[in-house]
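Subject: Structure handover

Dear colleague,

Here is the structure I said I would pass on. My notes on it follow below.

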Amino acid sequence: MGFWKKVFTPRVPVAVLAGGHALTDNVEGKGLVNRMSVMKGRKAGEVEIATLFGQKYFTFARISWEPSGSRSVGKAAGGAILGTVIAGPLGTIAGAALGAKKKDNSTAYVYLIDEEGVEHEVHVQCTKDQYVQISRIAY
């Protein structure tokens, strides 16, 4: 039962931008952590952080989210041209709309406290949905 419970535990995968060295005890992996998954810990207020180099438990302190996004004019123009070639005038509108889709570059700062009581700041790239999921897992 323990194996299946572990397999189906809700997890939130995110890209680590900075601070990944605190997420592993593996000496070789300290500078190489670029992905992590956040899962519910063994007790309330605790989260389990899994990386390629192992997993570690932390007390969740807080999370702050910074929304950001961008649109590419070049992609919109390219989509309009491609849409025109494929489907005529209606394809121009559809191609421009698809090409100009907003890319989410939002980030968050996750504050974790290790077993020694030291607080670590981990900068991650995450969408609003991932931010909400991490907040729910932690509390």
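Which residue takes a positive phi in the hairpin of β7 and β8? G117 does, with phi near 90°, in a hairpin that has 5 residues between the strands.

Before the rest, the conventions. This is a predicted model, in which local features need pLDDT of at least 70 and side-chain atom pairs count only at pLDDT 80 or more, while totals for chains, interfaces and linings use all residues. Residues are numbered from 1 along each chain as its sequence is written, and side-chain values use heavy atoms, leaving out hydrogens and water.

The barrel

Strands and helices are DSSP runs numbered from the N terminus (strands E, at least two residues; helices H or I, at least four). Two strands pair if DSSP finds at least two bridges between them. On that basis 6 strands close into a barrel in the order β1-β2-β3-β4-β7-β8, with antiparallel pairing. From one strand to the next the twist averages 50°; axes are lines fitted to C-alpha atoms, for helices over the stretch in contact, and angles run from 0 to 180 degrees between N-to-C directions.

Strand β7 (residues 107-113) is joined to β4 (residues 54-66) by 7 antiparallel bridges and to β8 (residues 119-125) by 7 antiparallel bridges. L112 stands opposite F60 and has H120 as its bridge partner in β8. Y109 is the bridge partner of S64. Of the 7 residues of β7, 6 are buried, so the strand is largely enclosed by the rest of the structure. Buried means under 20% relative accessible area, exposed over 50%, and partly exposed in between (1.4 Å probe, protein chains only).

The helix α3 (residues 128-138) lies across β1, β2, β3, β4 and β8, at about 125° to β4. Contact here means heavy atoms within 4.5 Å.

Rings and charges

The whole structure holds 1 aromatic pair. Its rings, W65 and Y131, have centres 5.7 Å apart and planes at 20°, so the pair is stacked. The rule takes rings of Phe, Tyr and Trp (its six-membered ring) with centres within 6.5 Å; planes under 30 degrees apart are stacked, over 60 edge-to-face, the rest tilted. W65 is in β4 and Y131 in α3, so the pair ties together parts 66 residues apart in sequence. W65 is partly exposed at 25% relative accessibility, and Y131 is partly exposed at 24%.

The charged end of R42 sits over the ring of Y57, 3.7 Å from its centre. R62 places its charged end over the ring of Y111, 3.9 Å from the centre. The criterion is NZ of Lys or CZ of Arg within 6 Å of the ring centre and within 35 degrees of the ring normal.

Regards
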